[in-house]
Amino acid sequence: MAHPARQRISFEEYVRIEAMSPIRHEWLDGSVWAMAGGTPDHAAIAVNVSTQLANQLRGKPCRVFRSDLRIRVRPTGLGTYPDDVVICGKVQLDPQDASGTTATNPRLIVEVLSPSTEKYDRGEKLDHYKKLTSLEEIVLVAHDARRLEVWRRTKAGWRNSKVEVGVAELTSVGCELSVAETYRDPLS
């Protein structure tokens, strides 16, 4: 029995389709797949993080963006929507996105993990992010414990540290993330 060929689409076509879709998708090498929906706790944690960052970045040349901003990892091609992103200076837009809705220069990315995406977020997606030349830190926010995992680019490569109490220092943007504030007011 013959299997139908999988259709591959260009990044430009993906951007056009994505503009009309009520569902967000990731794109890589011509393949598109739907992103998992988040729980109320997931959404609340992401807002708690963005609020902390936005308050500390007020008056500085960096801005916080929520998951509505698509990020493109140009070295690998991945197009995705991190939970929170900080971009410092001018937003650099992907030249393959005529609509001007895809940024390529995040300095900090935050992903709130979930049971269905944790393996991907800690593995393949993290590897993609590490190839962004502008990126200096990645924060993985645990879903099953009060824990922030900060990946930081160093001269020797990427290093990570875990913070379960107190604050995580985000040297790339001169901010701190409080564990208590990140997990404040859980719904469940």
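Me: Buried means under 20% relative accessible area, exposed over 50%, partly exposed in between, with a 1.4 Å probe and protein chains only. With that settled, which way do the residues of β8 point?

Reply: Leu108, Val110 and Val112 point one way, Ile109 and Glu111 the other, and all are buried. Strands here are DSSP runs of E, at least two residues, and helices are runs of H or I, at least four, numbered from the N terminus. In a regular strand the side chains alternate between the two faces of the sheet.

Me: Before I go on, what kind of model is this?

Reply: This is a predicted model; local features need pLDDT of at least 70, and side-chain atom pairs count only at pLDDT 80 or more, while totals for chains, interfaces and linings use all residues. Residues are numbered from 1 along each chain as its sequence is written, and side-chain values use heavy atoms, with hydrogens and water left out.

Me: OK, Glu111. Buried or exposed?

Reply: Buried. Its relative accessible area is 4%. Glu111 sits in strand β8.

Me: What does the Glu111 side chain make a polar contact with?

Reply: The side chain of Tyr129, at 2.5 Å. A polar contact is a pair of N or O atoms within 3.5 Å; within protein, one must be able to donate a hydrogen and the other to accept it, and residues adjacent in sequence count only if both atoms are side-chain atoms.

Me: And which residues is Glu111 in contact with, leaving aside neighbours within four places in sequence?

Reply: Pro82, Asp83, Asp121, Lys125, Tyr129, Val139, Leu140 and Val141. Contact means heavy atoms within 4.5 Å.

Me: Switching to the sheet. What's the strand order?

Reply: β3-β6-β8-β9-β10-β11. That is an open sheet of six strands with mixed pairing. On average, neighbouring strands are turned by 15° against each other, direction ignored. Two strands pair if DSSP finds at least two bridges between them.

Me: How does β8 pair with β9, parallel or antiparallel?

Reply: Parallel, over five bridges. Glu111 stands opposite Leu140 in β9. Helix α2 packs on the sheet, touching β3, β6, β8 and β9. The direction of α2 makes about 165° with that of β3. Axes are lines fitted to C-alpha atoms, for helices over the stretch in contact, and angles run from 0 to 180 degrees between N-to-C directions.

Me: And β6 with β8, parallel or antiparallel?

Reply: Antiparallel, joined by three bridges. The partner of Asp84 in β8 is Val110.

Me: Now cysteines. How many disulfides does a search of the whole structure find?

Reply: One. It joins Cys62 to Cys88, S to S 2.0 Å. The cut-off for a disulfide is a pair of cysteine sulfur atoms within 2.5 Å. The torsion about the S-S bond is about 105°, so the disulfide is right-handed. Cys62 lies in strand β3 (residues 62-66) and Cys88 in strand β6 (residues 84-88), so the pair ties together parts 26 residues apart in sequence.

Me: Are those two cysteines buried or exposed?

Reply: Cys62 is buried, at 9% relative accessible area. Cys88 counts as buried too, at 15%.

Me: What about Cys175?

Reply: Cys175 is in no disulfide; the nearest cysteine sulfur, that of Cys62, is 7.7 Å away. Cys175 is buried, with a relative accessible area of 2%.

Me: Next, the largest nonpolar core. Which residues touch the most other members?

Reply: Leu53 and Val141, out of 24 residues. Elements that give two or more residues are α2 (40-57), β6, β8 (108-112), β9 (137-141), β10 (148-154), β12 (167-170) and β13 (175-178). α2 gives the most, with five residues. A nonpolar core is a set of buried Ala, Val, Leu, Ile, Met, Phe, Trp, Tyr and Cys residues joined through side-chain atoms within 4.5 Å.

Me: What does Leu53 touch, not counting residues up to four places away in sequence?

Reply: Val64, Val86, Leu108, Val110, Leu170, Cys175 and Leu177. A second, separate core of 19 residues includes Ala103, Leu113, Leu132 and Trp151.

Me: Last one. How do β1 and β2 pair, parallel or antiparallel?

Reply: Antiparallel, over four bridges, with β2 at residues 31-34. They form a hairpin with two residues between them, and Asp29 in the turn has a positive phi of about 50°. His25 stands opposite Ala34 in β2. Both faces of β1 (residues 25-28) are covered: His25 and Trp27 on one side, Glu26 and Leu28 on the other, all buried.
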